[in-house]
Amino acid sequence: MADRIGDPTVVADNVHLTYRVHGASSGKGSATSAFSRLVTRKKAAGVTEVHAVRGVSFVARRGEAIGLIGRNGSGKSTLLRCIAGLLPPTGGKIYTDGQPSLLGVNAAMMNDLTGERNIVLGCLAMGMTKQQVAEHYDEIAAFSGMDNYNGKDFTRLPMRTYSSGMAARLRFSIAAAKSHDVLMIDEALATGDRDFQLRSEARIRELRKEAGTVFLVSHGMKSIRDTCERVIWLDAGKIKMDGPTEEVVAAYEKGV
Amino acid sequence: MANSAQADTVPAGGPSADGGGIPLAELAARHNLSVSGARPKLPAYIRQLWQRRHFIVAFANAKTRASYATARLGQVWQILTPLMNAAIYYLVFGLMLKSDKGVDNYVAFLVTGMFIFTFTQSAVLAGTRSISDQLPLIRALHFPRACLPISFTIVQLQQLMISMVVLCAIVLGTGEPLTANWLLLLPALLLQFMFNVGLSMIVARIGAEITDMKQLMPFLLRTWLYVSGVFYSIAHFAKDAPDWVRWILEANPAAVYIELARDALVESHAHVPMHTWALAVGWAFVVGVGGFLFFWQAEEKYGRG
């Protein structure tokens with residue numbers, strides 16, 4: 001099938017996701033209670049289930065930029081991880097065109113390594129060849145601005161010395177170096193400064209022109225309005241509203 | 001016109017409309033979409049893994065460098081650690097416990113055994129944590145997860161290479177001659193590496209599913225150390241034991257690889273029979289291939305944590 005604007009790229013069919021959390025209740029802390037559970041063969045009391053996504057269905061199309069909004073803990077990031085195939089859904093199915101890429105705010109790179117090594121490792125992990133990494137390296141370092149940050153070459157310093165905004169810039173630059181069929185951005189731009197936000201918004205528009213689909217999670221309604229024409233509002237793991245940006249954002253802002 | 005779509009219904013109308021209410025699964029099939037996060041078929045998985053070979057090596061190099069980055073002496077510790085270990089083993093087992101019965105060159109015997117066992121031991125320990133400790137990376141990027149246990153075993157291989165230089169120096173220092181036999185060390189270590197990769201993939205999957213493995217593993221490994229004939233000669237120790245006991249002790253993969261290394265380096269050490277080499281090859285292939293298949297079968301679940 002030819003890649004046409006408007007073809008579906010992501011189809012979510014009644015997706016559910018339940019986290020199993022170990023050590024959530026106080027019972028696990030004491031050795032005697034753990035031992036008595038072993039003896040009585042009761043189910044571990046320390047395991048709690050969190051139903052983070054409860055039956056989400058939608059169709060995303062080529063060329064669309066979709067904003068995901070909702071309160072903290074409404075399941076936005078979890079949903080993106082499901083779409084990316086990083087967390088298998090416990091119920092329902094997600095169909096995608098190619099391999100979606102997720103760019104998250106806590107998408108930890110290796111903090112004990114330098115920015116330079118993180119760029120190389122990130123690109124190799126995304127499946128680039130050594131040669132492609134060499135071609136893209138300068139572009140990534142320059143786009144992130146880390147090669148000359150306040151007059152210092154930060155690519156030579158370990159990432160643990162970066163501020164959260166600087167780390168986010170580097171991560172976005174690495175992910176944006178490749179063109180993706182489906183790119184999902186999880187609040188990665190929130191910590192960037194004005195100048196970098198403008199540059200990354202321009203890059204997102206470019207990626208969309210390459211006929212991909214972009215998902216953007218953000219609490220900043222301005223960046224949602226600037227980049228997305230469709231918004232999905234998640235509330236407690238369910239879709240509360242799905243439609244054109246203006247209407248959904250207006251309803252969301254009224255509701256908050 | 002926005003529409004408040006109910007959770008379990010297909011949104012109709014608006015930009016999300018999908019031309020007539022055809023079921024979503026059918027729509028996906030019509031446009032050749034694939035299920036996200038599905039486990040790739042084995043040939044595709046191997047192909048992806050081969051494609052990430054540079055990532056595996058680069059990740060291992062980076063981890064080695066980073067693990068010494070905060071120490072002031074830096075990578076000098078890669079040499080100091082095996083040296084100090086050898087000194088302690090000699091002090092405890094050679095001088096204090098005098099467990100050198102039935103062994104001619106006890107220092108070479110002990111240090112060889114310890115370094116070879118440490119290779120497997122540290123590969124298993126690193127393998128156990130290779131998935132559970134890298135969850136942020138796994139949840140952030142898409143790559144065949146087998147990269148991680150393989151990479152961590154390569155880290156241990158790099159450490160082993162340095163340990164081997166130290167080991168060879170110690171063995172020569174105890175008066176052993178440098179012979180062509182030493183070349184046998186290379187195939188022996190290669191087979192042990194294959195075995196280690198497989199084993200670390202097995203414990204990586206178990207460690208990802210059962211979080212208590214991290215706590216349990218040191219005890220299992222210590223037990224393994226004690227039965228592997230590192231401090232004592234199995235042949236001497238089990239000479240009065242029933243045949244099947246000796247057979248089990250000698251078929252233990254750790255003991256097999258240790259014996260091969262001793263045979264290569266220590267001239268006074270009794271030559272290993274041919275079936276020890278057969279066992280070494282067998283363990284390497286059974287655990288190497290089996291471990292890979294075992295790991296691959298849970299590929300799609302590793303992000304769960």
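The model is predicted, so local features need pLDDT of at least 70 and side-chain atom pairs count only at pLDDT 80 or more, while totals for chains, interfaces and linings use all residues. Residues are numbered from 1 along each chain as its sequence is written, chains are lettered from A in the order in which they are written, and side-chain values use heavy atoms, without hydrogens and water.

**Largest pocket**
- The largest pocket has a volume of about 850 Å³, and of its 48 lining residues the closest to the centre are A:Gln99, A:Pro100, B:Arg52, B:His142 and B:Phe143.
- A pocket is here an open set of points on a 1 Å grid where a 1.4 Å probe fits, with protein on both sides within 12 Å along at least five of seven lines, and lining residues have an atom within 4 Å of a point.
- Strand 5 of chain A gives the most to this lining, with four residues.

**A:Asp242**
- A:Asp242, found in strand 9 (residues 238-244) of chain A, is buried at a relative accessible area of 0%, where buried means under 20%.
- Its side chain makes a polar contact with that of A:Arg230 at 3.0 Å, the term standing for a pair of N or O atoms within 3.5 Å, one able to donate a hydrogen and the other to accept it.

**Chain B**
- The secondary structure of chain B comes to 13 helices and one strand, taken as DSSP runs of at least four residues (H or I) and at least two (E) respectively.
- Of the 305 residues of chain B, 50% count as buried.

Conventions:
Grid points are joined across faces, edges and corners, and a volume is the space filled by probe spheres set on the points. Buried means under 20% relative accessible area, exposed over 50%, partly exposed in between (1.4 Å probe, protein chains only).
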